[in-house]
Amino acid sequence: MLNPFRHRPPTCPECRSPARMLYGNCSYCSTQIHIPLAYFRWIWALVVTVLVAAGIPTYTEQHAGTWFLSLACTSLPLRIIAGYLIPPWFERGPVKLRLPFVGWYLTHFVFLFTYWTFLGWSHFALGASHRDIAELNAILSSPIGWINPAFFIVPSRSFADVCGILLGNSFFFAVATWFLYRGARFIMRRNRVTRINLSEQVGDSNEDD
Ligand SMILES: [Zn+2]
């Protein structure tokens, strides 16, 4: 009987055995294997599609932040289920170690949350005016609070609402810095390739002399 939750081990591209990965090597033939990045992209695309489908009918204007936070929390069990339904596949070659976008995103959220907690308490301790607090909330609500006022931080919002709003804003910052980082890396790599080509040309001309 077909059981979609039965965990099938992926086959090794070298020895064709249903293999396990041990420290980046096939458990049978010790060939270097890795799970390609495309697999993780497909899995997250599926998770996001399900979240969008679930998010549209459940949206509430009063607790937009909590709504977003609960959707984000649902993504973790969804990711695990998707991983079982669509088993990974292996490709030959070593693992390319790099920080996944999810990690990058969560780092931004932790930073923004710490910033909010620290500034909130320091405003409280210093006896800040209503205007100061409103200014702080306006900064922390950017940019999604300006796109949709339901995501603007006001004193009547619950803790879960504020966490959801900060999580939503972290996404914008994470995407922006991710593209900056990837852009900078692309330019640096292109410059290195140009330098190698130039030094090869210099080497060639020296040989001619
Ligand atoms: Zn193998």
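How do H3 and H4 lie to each other: roughly parallel or roughly antiparallel? Some notes on that and a few other spots follow.

1. A word on the model. This is a predicted model, where local features need pLDDT of at least 70, side-chain atom pairs count only at pLDDT 80 or more, and totals for chains, interfaces and linings use all residues. Residues are numbered from 1 along each chain as its sequence is written.

2. The helix pair. H3 (residues 101-125) and H4 (residues 130-141) pack at an angle of about 175°, with their axes 11 Å apart. Axes are lines fitted to C-alpha atoms, for helices over the stretch in contact, and angles run from 0 to 180 degrees between N-to-C directions. H3 and H4 are therefore roughly antiparallel (angles over 145 degrees count as that). Helices here are DSSP runs (H or I, at least four residues), numbered from the N terminus.

3. Who touches whom. H3 brings Trp-116, Leu-119 and His-123, while H4 brings Asp-132, Ile-133, Leu-136 and Leu-140 (contact: C-beta atoms, placed from the backbone, within 7 Å).

4. The largest nonpolar core. This core has 13 residues, and Phe-68, Ile-165 and Leu-166 have the most contacts inside it. Such a core is a set of buried Ala, Val, Leu, Ile, Met, Phe, Trp, Tyr and Cys residues joined through C-beta atoms within 7 Å (buried: 20 or more other C-beta atoms within 10 Å of a residue's own, all placed from the backbone). H2 (64-85) gives the largest share, five residues.

Notes
Buried ≥ 20, exposed ≤ 12 C-beta atoms within 10 Å, placed from the backbone. Helix = DSSP H or I, 4+ residues; strand = E, 2+ residues; numbered from the N terminus. Parallel < 35°, antiparallel > 145°, perpendicular 65-115°, else oblique. Contact = placed C-beta atoms within 7 Å.
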